[in-house]
Amino acid sequence: MAVAMAMNSVSLNWVPPSFTKKANYVTNSTELAPPSAISSQNSLTCTKETISNDENNCKRRLLLLGVGAITANLLPANSLLAEEIPQNYRAFVDIPDGYSYYYPSDWREFDFRGHDSAFKDRFLQLQNVRVRFIPTDKQDIHELGPIEEVVYNLVNHVYAAPNQMVNILDMQERTSDGKNYYTFEYELTSPNYASASFATIAIGNGRYYTLVVGALERRWRRLRNKLKVVADSFKVLDI
């Protein structure tokens, strides 16, 4: 309780107004990396439903919020903090865990099992973005192989369930601040529904990062460009 009260008193003026900090939650998930890689708001609150282990997680959120705020205040102005956030988006920046991305400003934060951060549409929970990472001894995404090979294996053997049909629509490679990223678009079709997503993967800080942002396939044409901004905004920060 003392920790929570102390961190509640941390001034959020140290953090840029549109930036948020969330603590790290890493558990098992179906969105795992290939074996070769393995070795909304300005304030953060704890809800009344927070109990037992979740209370410790809540305290950790508050503690890391203070650390992140202090760190942000000490960092020199750089391209990340200086660049203009697109209209109708917010920036999520996790300095301790070394990554950032944009998400639609009307989405809200939620806990997605096995992921470090996640935001979803207020009304359509399958319309969401989530980020996770796992340890790796690789230094760069290129060490996993050519983009065509990596994307095919991920979508067909990691992201897709046995009863889902896969359609890989597009794949792109980019380099930003000396770091390489693979971004790809794909559809997964089940007997009862179909979804479409963008995924961006990158390696840095001894971690294999994955961002996935998606929606139901029937809404994809309307949302595609909006969600592509999220996928393209993902950056790995040095820690």
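The following exercises, each with a worked solution, concern a predicted model of one protein chain.

**Exercise 1. The chain as a whole**

State how many helices and strands the protein chain has, and what share of its residues counts as buried.

Solution. 
Step 1. The secondary structure comprises five helices and 11 strands.
Step 2. The chain has 239 residues, and 49% of them count as buried.

**Exercise 2. The largest nonpolar core**

Determine which elements supply residues to the largest nonpolar core, and which of them gives the most.

Solution. 
Step 1. The largest nonpolar core has 27 residues. Those with the most contacts inside this core are Y99, Y101, V129, L211, V213, L227 and F234.
Step 2. At least two residues of the core come from each of strand 2, strand 3, strand 6, strand 9, strand 10 and helix 5.
Step 3. Helix 5 gives the most, with five residues.
Step 4. Neighbours within four places in sequence being left aside, L227 is in contact with W107, F198, V213, G214, A215 and W220.
Step 5. Another core, of 20 residues, lies apart from the largest one and includes V150, V155, L188 and Y208.
Step 6. A general remark applies here: in soluble globular proteins, nonpolar side chains tend to be buried together.

**Exercise 3. Aromatic rings**

Classify the pair formed by the rings of Y99 and Y101, and name the cluster to which these rings belong.

Solution. 
Step 1. The structure holds 17 aromatic pairs.
Step 2. In the pair of Y99 and Y101, the ring centres are 6.2 Å apart and the planes stand at 0°. Planes under 30 degrees apart count as stacked, so the pair of Y99 and Y101 is stacked.
Step 3. Both Y99 and Y101 are buried.
Step 4. Ring pairs join F92, Y99, Y101, Y103, F119, F133, Y181, Y209 and F234 into a cluster.

**Exercise 4. K228 and its two partners**

Describe the salt bridge of K228 with D232, and then identify the ring over which the charged end of K228 sits.

Solution. 
Step 1. The closest N and O atoms of K228 and D232 are 2.7 Å apart, and the two residues form a salt bridge.
Step 2. Both residues lie in helix 5, four residues apart, which is about one turn of the helix.
Step 3. K228 is buried because its relative accessible area is 13%. D232, at 32%, is partly exposed.
Step 4. The charged end of K228 sits over the ring of F198, 5.9 Å from its centre.
Step 5. A further lysine over a ring is K120, which lies over the face of F110 at 4.9 Å from the ring centre.

**Exercise 5. Positive phi values**

Locate N88 and N205, and state whether each is exposed or partly exposed.

Solution. 
Step 1. N88, a residue other than glycine, has a positive phi, near 70°. For N205, phi is also positive, near 60°.
Step 2. N88 is found in the loop between helix 3 and strand 2. N205 occupies the loop between strand 9 and strand 10.
Step 3. N88 is exposed, because its relative accessible area is 53%. N205 has a relative accessible area of 29% and is therefore partly exposed.

Note on methods. Residues numbered from 1 in each chain as written. Predicted model: local features only at pLDDT ≥ 70, side-chain atom pairs only at ≥ 80, totals over all residues. Heavy atoms only, no water. Buried < 20%, exposed > 50% of the residue type's maximum accessible area, 1.4 Å probe, protein only. Salt bridge = Lys/Arg side-chain N within 4 Å of Asp/Glu carboxyl O. Phe/Tyr/Trp six-rings, centres within 6.5 Å; stacked < 30°, edge-to-face > 60°. Lys NZ or Arg CZ within 6 Å of the ring centre and 35° of its normal. Core = buried A, V, L, I, M, F, W, Y, C linked by side-chain atoms within 4.5 Å. Contact = heavy atoms within 4.5 Å.
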